[in-house]
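Visitor: Please show me the structure. I would like to go through its pocket and its aromatic rings.

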Amino acid sequence: HLDNRTRLGTHLDLSKEYDYFSVGVGGDVAWQSENNNTNQSLALNLYFDSIDLIRFDGSEDGTDSRTSMALTYRLAQILSGDSQAQLGGTISLQSGFLGTPYNSVFVEGGTSNTEVDEVLPDSRNRFSIFGSYRYRFTSSGAGEIASRIYTDDWGITGISLEPRWYQSFGKDMLLRFRLRHYDQSVSDY
């Protein structure tokens, strides 16, 4: 905490699987209004990945890399004693190998069998906006509606809608019921 209303945070992430290694770093700054009703935050995250390229037959075809960056702004506002809202957006940029580690498939057809490579661009820019509204209906139950709209330069546009219900049972148990609808267009690739 820099002062009563400003907070800085940072993280370092390491991930290792047999065909994947990733290092992530990031940080965020958050501000709280004087009356504690408004919170804003800005976060920057960077990931540096190494991916082993594996063919349909299990043979390896070298290693490639990927770099990902995401910048997220979030605004949370208490609207009344029973309601709050949140709004934000994320811009993310990726470059390098953006396919899956298993980047080819074996297609059987007629008298010939063919290996087909997954070929994707080596960059991707994405943008999403998200928001939610939560209302406390009773002392132990609250409802929320959340949504996200997403688009990228691969031709994908998506929208999600999530109604949620939170129900507490005493001090130690909270259940969350969630329904998620997601609709997405096809990729250009």
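**Pocket and rings**

Guide: This is a predicted model. In the largest pocket, 21 residues form the lining, and those nearest its centre are Arg 74, Gln 86, Gly 131, Ser 132 and Glu 144.

Visitor: What is the volume of the largest pocket, and which strands each supply at least two residues of its lining?

Guide: The volume of the largest pocket is about 250 Å³. At least two lining residues each come from strand E4 (60–78), strand E5 (83–96), strand E8 (123–136), strand E9 (141–152) and strand E10 (157–169).

Visitor: How many residues of that lining are nonpolar, polar and charged?

Guide: Gly counts as polar here. The lining of the largest pocket divides into seven charged, five nonpolar and nine polar residues.

Visitor: How many aromatic pairs are there, and which class does the pair Tyr 135 and Phe 137 fall into?

Guide: With ring centres required to lie within 6.5 Å, the count is three aromatic pairs. Tyr 135 and Phe 137 have ring centres 4.9 Å apart and planes at 70°. Planes over 60 degrees apart count as edge-to-face, so this pair is edge-to-face.

Visitor: Which rings have Arg 124 and Arg 134 over them?

Guide: Arg 124 lies 4.2 Å from the ring centre, over the face of Trp 154. For Arg 134, the charged end is 4.6 Å from the centre of the ring it sits over, that of Tyr 166.

Definitions and conventions: Residues are numbered from 1 along each chain as its sequence is written. This is a predicted model: local features need pLDDT of at least 70, side-chain atom pairs count only at pLDDT 80 or more; totals for chains, interfaces and linings use all residues. Side-chain values use heavy atoms; hydrogens and water are left out. Rings of Phe, Tyr and Trp (its six-membered ring) pair if their centres lie within 6.5 Å; planes under 30 degrees apart count as stacked, over 60 as edge-to-face and the rest as tilted. A charge sits over a ring if NZ of Lys or CZ of Arg is within 6 Å of the ring centre and within 35 degrees of the ring normal. On a 1 Å grid over the protein atoms alone, a cavity is a set of points where a 1.4 Å probe fits but cannot get out, and a pocket is an open set with protein on both sides within 12 Å along at least five of seven lines; lining residues have an atom within 4 Å of a point. Grid points are joined across faces, edges and corners, and a volume is the space filled by probe spheres set on the points. Helices (H or I, at least four residues) and strands (E, at least two) are DSSP runs, numbered from the N terminus.
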